[in-house]
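Please read it with the coordinates open.

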Amino acid sequence: MTSLRHAVPSRRESGPREQFMRVAALLRASMAALALFAGSAAAQTDADAALIERVKEAVLKELRESGALDRAVDAGVERYVQRQRAAAAQREQREADARAGSLRPVSKARDHIRGNPDAPVTLVEYSDFECPFCKRFHGTLKQLVDRSNGKLRWVYRHFPLEELHPAKARKEAAASECAVELGGNDAFWKFADRFFELTPSNNKTDIDAVLPRIAREIGLDETRFASCLASDRYARHIEEDYQNAVATGGRGTPWSIIVSKSGKTYPLSGAQPYAAVKQLVDLALEEK
Amino acid sequence: MSGYLKDLRFALARVFAFPAYLALAAAAAVAAFLLAVWFPNLGLIAELFRGSEVPLGAKLGIAISLLGGIATNFSLLSAGYTVAIAVLLGASTAMIVYLLQQGRLASAGRNIAVGSGGAASGALGIGCAACGSLVLGAAAPFAGALAALPLAGAEFGIASVVLLSASLLLVGRSIARASACSLAPPGSTQQG
C-alpha cells in the first residue's frame with residue numbers, strides 16, 4: 001500500500017517538483033500532438049472535410065425529420081413579425097403622441113365651436129376661406145354636426161394658404177375674427193356659412209364688396225367691422241392657427257384632426273366624403 | 001398619326017388577347033387609381049391598418065369610403081385626368097411588359113422612359129388636385145409658380161395624359177412593327 005501510494009502520488013501529497021514535472025509532461029504531450037496534427041493535417045484535410053460534411057448532413061437530416069428545423073424557423077419568423085409589429089405600433093404611437101402633443105388644446109374662449117361644446121368627439125378643422133375644397137367640406141361638416149346628436153363638436157381654425165390665395169385668404173380669416181369680436185361665436189358661424197355660400201373660391205372673391213355685405217346681412221355694425229378689419233389686429237391670432245396646422249402635419253386644406261375623448265387622434269386630409277368622416281367619428285366615439 | 005392609331009389598335013388587340021396582360025393592365029390601373037385617391041390620406045390608412053384595436057370591417061369601410069374622395073376632393077378636370085392616367089398607365093405597363101417578354105429591350109426601354117415621365121408628371125398633377133396638397137410639402141419652393149399657372153398645377157395632369165398617350169402610341173408601333181415583315185428594298189431577296 002505504501003509503495004503504491006508513492007508510485008501514484010495523490011495531488012495532496014505531490015510537492016512542487018512533482019507538479020512541475022506533470023505540467024511539463026502535459027506540455028510535451030500537447031506539443032507532440034500539435035506537431036503530429038500539423039504533420040498529418042494535409043493528409044487528414046480531405047478525410048476531416050468529408051467527416052464534417054457527413055456530420056452536417058446527419059444533423060440537418062435529423063433536424064428536418066424531427067421537425068425541429070421547421071419549428072425553429074417558424075419561431076424565428078414569428079419573433080421577427082412580432083418585433084416588426086411592436087416597432088410599427090411604437091412608431092404609430094410616437095406619431096400619434098407627437099400629433100396630439102402639437103394640437104393646441106381647444107379653448108372655448110379662443111376657438112370657434114359648432115355643436116355641443118362638451119361633446120365626446122372633437123373635429124378640429126384647419127381651413128382656408130378661398131379653398132374650393134374647404135367650401136365643399138364646410139357643407140359636409142355642417143351635416144355631420146347636425147346629425148351627431150350632440151356627440152361631435154366642430155372646431156374651426158385658420159389655415160390660409162398664402163402661396164395659393166395671396167392676401168385674400170388672410171383678410172377673410174381676419175374678417176371672420178372681426179365677426180366674432182362684434183357678434184360672438186354665433187356670428188363667426190353665420191359669417192363662415194354665408195361666406196362659403198356667396199363666394200366662388202380660388203382667389204376670385206371680390207372681398208371689398210362681399211365682406212361688408214356679409215357683415216350687414218348678419219347684423220354686425222358695419223363701421224366697427226370695417227375699422228376692425230383695417231386694424232389687422234388678428235394677424236397674430238391667424239398666424240398662430242396657421243403654425244399649429246403645420247405643426248400637426250397639415251400640408252394642404254382642408255386639414256382635419258378627429259380627437260376621441262381619450263385623446264386618440266385621426267388625421268384627415270382633404271374634403272373627404274360624408275361617409276368617410278362619419279366612420280372616423282364613429283371610431284373615435286368607440287374609443288374609451 | 002392615323003398610322004400610329006392603326007398600329008395601336010393592332011397592338012391592343014394582340015396584347016389583350018392574352019388574359020394575363022389584361023389582368024396586369026387592370027391591376028396596374030387600379031393600383032394607380034387607389035394611390036391617387038388615397039394619396040392625401042396614406043398616413044391615416046397605414047395607421048388604421050397597423051393598429052390592431054380597430055376591427056377589420058371598420059378599417060376596410062373607411063378605406064373604401066375614402067375612395068369617394070374622387071368626387072369630393074377632386075375637381076371635375078382633375079378627376080377626369082386621374083382616371084385617364086390610371087387607365088393609360090395600366091395599358092402602357094401591360095404593353096411594355098409584353099415587349100420585354102418578346103425580348104425587345106431597346107424599344108421597351110424607350111417606352112419606359114416616356115411612360116415614367118408621364119407617371120411623374122401625373123403624380124404632380126394629382127398632388128395639385130387637392131388644395132395645396134404639395135404646397136407645404138416637397139414642392140414648397142414651387143408653390144407660387146404653381147399658383148400662377150392658369151390651371152393652378154392641373155397642367156401637370158394634362159401633360160401626364162399626353163406623355164402616357166405618346167408612350168402608348170410608341171409601344172403600339174413597336175409591337176405592330178415587330179409583328180410584320182418589312183418590305184424588302186429593290187434588288188434584295190426577302191427571307192421569311
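**Notes on the predicted model**

1. I begin with helix 6 of chain B (residues 76-101), which has 26 residues and reaches 38 Å from its first C-alpha to its last, close to the 38 Å expected at 1.5 Å a residue. Please keep in mind here and below that this is a predicted model. Just after helix 6 of chain B comes Gly103(B), which takes a positive phi of about 80 degrees.

2. As for the rest of chain B, the assignment gives 9 helices and 0 strands, and the order along the sequence is accordingly written α-α-α-α-α-α-α-α-α. Of the 192 residues in chain B, 40% are buried. Among the contacts in chain B with a separation of 6 or more, 81% are between residues 24 or more positions apart.

3. Chain A contains 9 helices and 5 strands, and from the N terminus on its elements follow the order α-α-α-β-β-α-β-α-α-α-α-β-β-α. Buried residues make up 33% of the 288 residues of chain A, while 75% of its contacts between residues at least 6 apart in sequence join residues at least 24 apart.

4. For a sense of the extent of chain A, consider Asp74(A), which sits in helix 3 (residues 68-102) of chain A. The C-alpha atom of Asp74(A) is separated by 62 Å from that of Tyr234(A), and the two residues are 160 residues apart along the chain. Asp74(A) counts as exposed because it has 11 C-beta neighbours inside 10 Å, and the cut-off for that class is 12 or fewer.

5. From helix 4 of chain A the contact involves Thr140(A), Gln143(A) and Leu144(A), which meet Tyr274(A), Val277(A), Lys278(A) and Val281(A) of helix 9 of chain A. Sorted by class, this contact of helix 4 of chain A with helix 9 of chain A has 4 nonpolar, 2 polar and 1 charged residues.

6. On the chain A side, Ala275(A), Ala276(A), Gln279(A), Leu280(A) and Leu283(A) of helix 9 meet Ala58(B), Gly61(B), Ile62(B), Ser65(B) and Leu66(B) in helix 4 of chain B. The classes in the contact of helix 9 of chain A with helix 4 of chain B are 7 nonpolar, 3 polar and no charged residues.

7. How many residues does the contact take from each chain? Chain B gives 28 residues and chain A gives 29 residues. On the side of chain B that touches chain A, the elements that give two or more residues are helix 3 (42-50), helix 4 (56-66), helix 5 (69-72) and helix 8 (143-148) of chain B. Helix 4 of chain B provides the largest share of that side, 5 residues. By class, the side of chain B that touches chain A holds 13 nonpolar, 13 polar and 2 charged residues.

8. Some backbone geometry deserves a check by eye, given that most residues other than glycine have a negative phi, and most peptide bonds are trans. The peptide bond from Thr253(A) to Pro254(A) is cis, with omega near -10 degrees, and Pro254(A) lies in the loop between helix 8 (235-247) and strand 4 (255-259) of chain A.

9. The loop between helix 5 (168-198) and helix 6 (207-217) of chain A holds Asn202(A), which has a positive phi of about 55 degrees although it is not a glycine. Asn203(A) is found in the loop between helix 5 and helix 6 of chain A as well, and its phi is near 65 degrees, again a positive value in a residue other than glycine. Asn202(A) is partly exposed, with 17 other C-beta atoms within 10 Å, and Asn203(A) counts as partly exposed with 16 C-beta neighbours inside 10 Å.

Notes
Residues numbered from 1 in each chain as written. Chains lettered and ligands numbered in written order. Predicted model: local features only at pLDDT ≥ 70, side-chain atom pairs only at ≥ 80, totals over all residues. Contact = placed C-beta atoms within 7 Å. Helix = DSSP H or I, 4+ residues; strand = E, 2+ residues; numbered from the N terminus. Nonpolar A, V, L, I, M, F, W, Y, C, P; charged D, E, K, R; others polar. Buried ≥ 20, exposed ≤ 12 C-beta atoms within 10 Å, placed from the backbone. Expected span 1.5 Å × (residues − 1).
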